[in-house]
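Me: I'm new to this one. Can you walk me through it?

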Amino acid sequence: MTKVASIKILLLLFASILIGCEKFDNYSTNPNHALTFSVDTISFDTIFSSVGSVTKQFVVYNPNDEALKIESIQLANTGKSGFRINVDGRKGDQFKNIDIWGKDSLYILVEVTVNPSGQNQPLVVEDSIMFYTNGNRQSVLLQAYGQDVHLIKGGVVYDKDITFTADKPYLIYDSIMIAEGATFTVDKGATLYMHNKASLIISGTMKAVGTMDEPIVIRGDRLDSFEAGISVPYDCVPGQWGGIYFAESSFNNEFDYVFVRNGTSGLVYWKSDPEKMKMQISNSQITNMDGNVLMAIDCQIEAVNSEFSNAAGASVALVGGVYHFIHCTINNQQKIGKSRDPLARTLMLSNVIKKEKEETTYHSLKQAYFDNCIIDGSYQADSTRLYQGEISFSPSDENDIKGNNETFNYRFNSCFIKTARVTDNDRFINDLYIYSPTYLKTGGKDNTYAYDFRLKNESVGIGKADRTISEEYPVDRYGVNRLTSEYGPSIGAYEYVYQEEEENKK
């Protein structure tokens, strides 16, 4: 290319730039030329006081052919509401003379931090982003619900008795530990919001006793939703925080009307002394984990009227120890989060731990009794082999697969078990097999990944519980009496209640 040709090309480019700039200077002053917005309101779910929100965004459009000069973009209550904005990459409270081409757009990001109010109940915080263009005033409403919390940060060790009350929620940013000899009491109605990777580590004792009307909730601190084809609350997504770990020295723990959900691990019990009561669980729901829901080694645990459900691992995994599950629903229908481990079953029983490059250890399973329980899951029952499907038996001696009173002692009485029908083992008494019960909600997009394992009309398991066991535990956690129900008593954690609307759909 000649020098003259190069100069001509540069002149043409320069001319085009000048023409473009001249065109951009030709702003419309027509008051009918207004902006449009992708939303009219930006809403934040509950925001904890003094803790910043997630970032949300919306788009400002110029639908006109001519360019517009936005004279001003600003918060109506600058510095007072806690909202912050970012306009096309610039942070601030007020922006002047913003150019926007015809048929073009710009992005605005919004965040909020809510100041403490001294109140327990959530409060509404509002502001507006104001746009002034060609004499027009337009706005986008900003809304947030603020909640005061007890904020616990930095990792705290409690070496003396401590009580968490229900006056306002607790936001636990880092793990907390209860030292050996200390008792951690959680009052009825209390809520513990756990931040990413935060855990409870109990070397002492944990007493969490709620009621049907005022349960205790332990869950992740994400209160917003994400898109998975539909809007799904993070409360339905596993892996939002760590777990609750009970050390070897921890005994006499108690959960009653406690709901624990969406962690990486649920309840983890380290190797302990099966001669001492490790924990009593009643009227509780432990659900939605990225690992196991309940895992215990050489512990003594009793669980009544409780649900253990949905995990990438097992819903209940027991190695050695003494256990009794009564009127429990043990289920794994997980459809969101990590995929289910193909080797994990809803219920896993073992008396041996084998780890690569480590010594094999043996743990006598002195008792694993299940009365009036549901053991179900999304895997298909293997109707051709015993002890398959949603149960996994792993004794140290394969000859003990049918049970051993000293080292591999188990019993299933009046349970539903998703496995092949057992006919030649007296450790299975009046049990139901293969064909699962039907439930009110089993996740999936139609249920927005929510689950309700109460039995539907005409389900397997209605009225099939052992009445002598139910007489000791006559009321489920919803307050339904098993003994006075005309259909009962039913197996599982929840007594069946006839659904009129289901009948009308037929």
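Predicted model: local features only at pLDDT ≥ 70, side-chain atom pairs only at ≥ 80, totals over all residues.

Me: What secondary structure does it have?
Reply: Three helices and 44 strands.

Me: Is the chain a compact globule or more spread out?
Reply: More spread out, because its radius of gyration is 30 Å, well over the 23 Å that the globule rule gives for 506 residues.

Me: What box do the C-alpha atoms fill?
Reply: Roughly 95 × 60 × 55 Å, along the principal axes.

Me: What about contacts along the sequence?
Reply: Take those between residues at least 6 apart in sequence. Of these, 61% join residues at least 24 apart.

Me: Switching to charges. How far apart are the mean positions of the positive and negative ones?
Reply: 5 Å, for 48 positive and 64 negative charges.

Me: Now a single residue. Where is Asn 134?
Reply: In the loop between strand 9 (123–133) and strand 10 (136–147).

Me: Is Asn 134 buried or exposed?
Reply: Buried, because its relative accessible area is 14%, and buried means under 20%.

Me: Which backbone oxygens does its side chain reach?
Reply: The backbone oxygen of Ser 28 lies 3.1 Å from a polar atom of the Asn 134 side chain. That side chain also reaches the backbone oxygen of Asn 30, at 3.1 Å.

Me: What else does Asn 134 touch?
Reply: Leaving out residues up to four places away in sequence, its contacts include Thr 29, Pro 31, His 33, Leu 68 and Glu 71.

Technical notes:
Residues numbered from 1 in each chain as written. Heavy atoms only, no water. Helix = DSSP H or I, 4+ residues; strand = E, 2+ residues; numbered from the N terminus. Rg over C-alpha atoms; globule rule 2.2 N^0.38 Å. Contact = heavy atoms within 4.5 Å. Lys, Arg positive; Asp, Glu negative; His and termini not counted. Charge placed at Lys NZ, Arg CZ, Asp CG, Glu CD. Buried < 20%, exposed > 50% of the residue type's maximum accessible area, 1.4 Å probe, protein only. Polar contact = N/O pair within 3.5 Å; in protein donor to acceptor, adjacent residues only side chain to side chain.
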